[in-house]
Amino acid sequence: MSKRIDVKDLNVYYGKFLAVEDVNINIEAKSVTAFIGPSGCGKSTFLRTLNRMHEVIPGARVEGEVLLDGDNLYGPGVDPVTVRSQIGMVFQRPNPFPTMSIRDNVLAGVKLNNQKMSKGEADALVERSLQGANLWNEVKDRLAKPGSGLSGGQQQRLCIARAIAVEPQVILMDEPCSALDPISTLAIEDLINDLKDQYTVVIVTHNMQQAARVSDRTAFFNIAGTGKPGKLIEVGETHTIFSNPTQKATEDYVSGRFG
Amino acid sequence: MTSTLTPPVRKRSALTKGQLPKFAPYVVLGLALVIGAAILALIGFNAFGWGIVSAILFTAGLVGWSAAAEGGRKAKDKLATCLVVGSFLVALLPLISVIWTVLVNGLPGLLDPGFLTTSMNGVTGAFDNKSVEEGAPVIGGIYHALLGTIQITLLATVISVPVGLLTAVYLVEYGEDRTLARAITFFVDVMTGIPSIVAGLFAAAFFFAVVGPGTKTGAVAAVALSVLMIPVVVRSSEEMLKIVPNELREAAYALGVRKWRTILKVVIPTAISGIASGVTLAIARVIGETAPILVTAGFATSINSNVFSGWMASLPTFIYTQILNPTSPSNPDPSSQRAWGAALVLIILVMLLNLGARLIARTFAPKTGR
């Protein structure tokens, strides 16, 4: 259960401001794709267009096509809710629902949509999702406790468990480790490695070592200057991008000679 | 030289040099009280003047001593402390005075047997005259007014909370700074400033036009009160919904949850403690309204348990009529005792509501336990 994403000629606007210009990229199924690039170059904005989350911000719109196994996310009559139930997202800051227990947080996608589920099924889903997020052993004795009582790294893995509990095709991660310490980061990176057996994973990161460690393919985004749109400079196999990039800008960035 | 190795024996640390001793404020306070009493004795003693003069003397003494011993910065700090504490005491004074007055005057009425369980039905001036002249117990109570207040306020809450909460949801979640949203915000602000008597007249006129002339029931009063309550509920709910982090909404959207479900199951539960305490404070705000109830529900001396028909008493109007038109014009004391008792009950009700608001806020607050 994973699908590929193909992006064709995508422009992203905030009102009249062109934020990301002319992106063409193919994201393979069952692989990890990393987006790297300097701050403000539009990586996160672009990531959010992949499950129509950018629409939450008033005035945001896109031109172009995003195809999920050939189906255009922006086709007429497509419900963003359907899109988001197939393409899950994990955010920069861990954001478990503060009113819910750990168990309810994992079941949030099911419960909030009022789907009926027997207790046995729900228990199985909770265990499966938490195990998928490498969190089961740490929280199995306190599933009824609030999710906000966990540490930052555990909260982030809880959010990943919550995302995989709705069984999406694709998981988008927006700098999932930037608020975490190295040990929690390692736990998440191991998890990403496991996740790609089942899901298509797209991760935005500021940490180039992380991109090199976890991803199969890497896309480098850059921006010409403030007020200019961000662009996709280069995309390819991760080791090619880091060892032998075709573009001068990519080489400067990955070798630390940026700017 | 071994003496250089042993630390010199000193009484005070060099780090605390040049500070006033700890007992300084108490010394100055004692002196200020004594001198204040002496000055007041010259021009005629009263407690209020004594407090004022002592406070001024205390401030001047402490600041002066501090300036001499510690320097300008510390003296300014002491002056600011004195002003802040002084302002706090001045602000506290009327509050304590009100509670004290109501307690002293209201307790005899409240402790009267049957005060909370009987109405004023059939209580005439003759009984009051008898209690003053022959020492018979004061009869009559506030049961009808208490019942009326509870019914009217409850109905007003039932009307205002859905309207106010849904308005706030529209403003925060769907308004997006549209013209309609800005117009609503503006009119809510205007409504906050409506004098309560105008709200009462509006409700009265509205029901005269719709139901028929002379319609005075508890329901009309409830409508008048909800006109006063709705803007308060909108304002407080709006603020509470605004501080729900956007991340939680996005987390729900990213799970494929629809917007209305996100609002109903994530946003409102996260903000419910603030909303509930806001509503409770709005109730406390309108429960003591007098004018709008006088023109909409009239006043009654007997128990009326139907909010939709007939005149209805309430605690504020009960107090008003008991003071203005005593049951026995020649002996107003029993009436005034009942009025003070009712005032005490009203204050206790408001206090309970405020405590309830805190309790609700604590019960519904997102849990953080491990």
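**Notes on the fold, the core and the interface**

1. Buried residues account for 49% of the 259 residues in chain A, and it should be kept in mind throughout that this is a predicted model. Among the contacts in chain A with a separation of 6 or more, 70% are between residues 24 or more positions apart.

2. The secondary structure of chain A consists of eleven helices and ten strands. Its radius of gyration is 18 Å, close to the 18 Å that the globule rule gives for 259 residues, so chain A is as compact as a globular protein of that length. The C-alpha trace of chain A spans about 55 × 45 × 30 Å along its principal axes.

3. The largest nonpolar core holds 145 residues, and within this core Ile171(A) and Ala342(B) touch the most other members. Helix H8 of chain B (residues 218–242) supplies the largest share of this core, namely 16 residues. Another core, of five residues, lies apart from it and includes Val28(B), Phe58(B), Leu62(B) and Val63(B).

4. Leaving aside residues up to four places away in sequence, Ile171(A) touches Gly88(A), Val90(A), Ala163(A), Ile164(A), Leu195(A), Tyr199(A) and Val201(A).

5. Where the chains meet, 22 residues of chain B are in contact with 25 residues of chain A. On the side of chain B that touches chain A, the elements giving two or more residues are helix H9 (246–254) and helix H10 (259–286) of chain B, and the largest share, seven residues, comes from H9(B). By residue class, this side of chain B divides into ten nonpolar, four polar and eight charged residues.

Methods:
Residues numbered from 1 in each chain as written. Chains lettered and ligands numbered in written order. Predicted model: local features only at pLDDT ≥ 70, side-chain atom pairs only at ≥ 80, totals over all residues. Core = buried A, V, L, I, M, F, W, Y, C linked by C-beta atoms within 7 Å. Buried ≥ 20, exposed ≤ 12 C-beta atoms within 10 Å, placed from the backbone. Helix = DSSP H or I, 4+ residues; strand = E, 2+ residues; numbered from the N terminus. Contact = placed C-beta atoms within 7 Å. Nonpolar A, V, L, I, M, F, W, Y, C, P; charged D, E, K, R; others polar. Rg over C-alpha atoms; globule rule 2.2 N^0.38 Å.
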